[in-house]
Amino acid sequence: MKKYTYTEKKDTRSGFGAGLSELGKTNPNVVALCADLIGSLKMDAFKAENPERFFQVGIAEANMIGIAAGLTIGGKIPFTGTFANFSTGRVYDQIRQSVAYSGKNVKICASHAGLTLGEDGATHQILEDIGLMKMLPHMCVINPCDYNQTKAATIAIADYEGPVYLRFGRPTVPNFTPADQKFEIGKAVMLNEGTDVTIIATGHMTWKAIEAGEKLAEMGISAEIINIHTIKPLDNEAILKSIAKTKCVVTAEEHQMNGGLGDSVAQLLSRHTPTPQEFVAVNDSFGESGTPDELMTKYGLDTINIIDAAKKVISRK
Amino acid sequence: MADIIQLQTLATQVRRDIVRMVHAVSSGHPGGSLGCTDFLVALYNGVLAHNSKNFTMDGKNEDLFFLSNGHISPVYYSVLARCGYFPVEELKTFRKLNSRLQGHPTTHDHLPGVRIASGSLGQGMSVAIGAALAKKLNKDNSIIYSLHGDGELQEGQIWEAALYASANKVDNYIATIDYNGRQIDGDVENVLSLGNLKAKFEAFGWQVVETEKGNDMKAVIEGLEKAKSFIGKGKPIMNIMKTEMGAGVDFMMGTHKWHGSAPNDEQLAKALGQLKETLGDY
């Protein structure tokens, strides 16, 4: 097992803030909008550095999405910022009609996704957003795994023409990807080559997949670990290549099992190479209040759940 | 500016196009289309600074119009075609398979003249504000226009947008309300009353202009010119325009029943008998 280390834990939302600030300096067409969550989304720097290109819209997310769509008419590249729940479910029809169907170059940037939002509870812990967004035709869906990857993704999507959903979170997590790693939309990142089982992880679950891989190695199980940051378009080639070798797969995500990354992988495999698959995801349930760690344990999104799923799926080969 | 007679002549032909288009596919929305014919004819033939021969999405240095009540697509398509955005012949593809003239307008099929999809109501004001903000950022002094149904004002997003536009002094923008008082289920007053619309928008910080006769070409132009006189004065501008749903076809007026119903053969003949062919049917 390849060794991964990190010097510090950082939140992915700060990666977004840093990436946005850099875009402010390098791309004059980038504008940003926020619905009363500047601090939470770490948009302070962009706002301070580019006051004329920053739009505070207040607690009015539907209006924010519409204004963002309008700003593209005139060549602007709008980045909207609010919590994932208010970035998707609350404004689904606005995104569907004014952004996706209209083909507008809007970047919908969503923080506090999933259970790790913590104590605020289920009203804010959206676990359906990946599914909602990936169902929209031509919507690109990205869920980076750490600070560096989120920063790189933020910068990369400005050069991509078309609507993007960028999902990140609240807690600090190990920052382990190289700061200079190029972010390629739609390209999987091979974290560890293995032969017994493929573990495909996205977002916060990626570090847990690495931890699981280390434990599995101690048990004599060789896990191939792939980080999928782009859920749509999915890197079919990388997944099929890995499955050809390992013949089984575990998917891990901080999202509902229905509609998430696991669904996308299962759909790919059922069409090309039917393969035993286990899902580490939330199973048809809302979350609740608690610390992020407590919630990840209660809802089965821990390192041990990935290890158990790996052992189980190997037995099904 | 074309003269009033020329505009009225064009409006009559547009009305013929509308009833023929919806009749051909036995679906669509003639009532609101007929009611807004004079407004759209006036807007696109004298008020709006636009380039119909070389359509670009960004519309740099052009005035831009957004149709928020997308169901009145027949009048929109007819006016765009007769301004030269696309061949008039294409009107016969309205609502048919593989057409660029979808039931509700879309950019999806790259129809020249259309810059946003609309149909699901209440979204166009936000989009227009975004386009107005882009104009300001680009130091482009052109004007943004939008049109909304009165029933559409029941959507909450409209009021989010109305609040934003005044708080942020979006003063390069003129919205118009098609105030015909009717919606699918009946009179707006009975479905969900808008109360005092003028007072509401004034309370929201808008400059309100009232066009009492929205089916009188001269009055429509005067209303738009008055609205334009308030551009750049720190407030978004609302043109509350009273119209008659179904205007120009006697049996379609005075009722909400033609909001989304197409005439049959006999009704078409009757309607066309009231609308003399002027510029040639498509």
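Buried residues make up 53% of the 282 residues in chain B, a residue being buried if 20 or more other C-beta atoms lie within 10 Å of its own, exposed if 12 or fewer, and partly exposed in between, with C-beta atoms placed from the backbone. The model described here is predicted, and local features need pLDDT of at least 70, side-chain atom pairs count only at pLDDT 80 or more, and totals for chains, interfaces and linings use all residues. Residues are numbered from 1 along each chain as its sequence is written, while chains are lettered from A and ligands numbered from 1 in the order in which they are written.

Chain B contains 10 helices and 7 strands; helices (H or I, at least four residues) and strands (E, at least two) are DSSP runs, numbered from the N terminus. With a radius of gyration of 17 Å, close to the 19 Å that the globule rule gives for 282 residues, chain B is as compact as a globular protein of that length. Here the radius is taken over C-alpha atoms, and the rule is 2.2 Å times the number of residues to the power 0.38. The C-alpha trace of chain B spans about 50 × 45 × 35 Å along its principal axes. Of the contacts in chain B with a separation of 6 or more, 76% are between residues 24 or more positions apart, where a contact requires C-beta atoms, placed from the backbone, to lie within 7 Å.

Helix H3 (residues 37-47) of chain B illustrates the burial, as 9 of its 11 residues are buried. Among them are B:Phe39, B:Leu40, B:Val41 and B:Tyr44, together with B:Asp38. A contrasting site is B:Lys139, which lies in the loop between helix H5 (124-137) and strand S2 (144-149) of chain B. With 6 C-beta neighbours inside 10 Å, B:Lys139 counts as exposed, and its phi is near 55°, a positive value in a residue other than glycine.

Where they meet, 27 residues of domain 1 are in contact with 30 residues of domain 2. On the domain 1 side, the elements giving two or more residues are helix H7 (129-134), strand S6 (140-142), helix H8 (147-158) and strand S8 (172-174) of chain A. That side divides into 14 nonpolar, 9 polar and 4 charged residues; Ala, Val, Leu, Ile, Met, Phe, Trp, Tyr, Cys and Pro count as nonpolar, Asp, Glu, Lys and Arg as charged, and the others, Gly among them, as polar.

Helix H13 (residues 303-315) of chain A has 13 residues that should span 18 Å at 1.5 Å a residue, and its end C-alpha atoms are 19 Å apart, which agrees. The expected span is 1.5 Å times one less than the number of residues. Its buried residues include A:Ile306, A:Ile307, A:Ala310 and A:Val313, and the buried residues of this helix pack against strand S10 (197-201), helix H9 (205-218), strand S11 (223-227), strand S13 (249-256) and strand S14 (277-282) of chain A.

Some loop residues of chain A also deserve a look. A:Asp196, in the loop between strand S9 (189-192) and S10 of chain A, counts as buried with 20 C-beta neighbours inside 10 Å. Leaving out residues up to four places away in sequence, A:Asp196 touches A:Ile221, A:Ser222, A:Ala223, A:Thr246 and A:Ile314. A:Asp36 has a positive phi of about 65° although it is not a glycine, and is partly exposed, with 16 other C-beta atoms within 10 Å. A cis peptide bond, with omega about 0°, joins A:Lys232 and A:Pro233.

Between the chains, the contact takes 22 residues from chain A and 28 residues from chain B. H4(A) gives the most to the chain A side, with 8 residues. By class, this side of chain A has 10 nonpolar, 10 polar and 2 charged residues.

The largest nonpolar core has 180 residues, and those with the most contacts inside it are A:Ile199, A:Ala310 and B:Ile129. Such a core is a set of buried Ala, Val, Leu, Ile, Met, Phe, Trp, Tyr and Cys residues joined through C-beta atoms within 7 Å. Beyond its neighbours within four places in sequence, B:Ile129 is in contact with residues including A:Ile67, A:Gly70, B:Ala161 and B:Tyr164.

Key. Contact = placed C-beta atoms within 7 Å.
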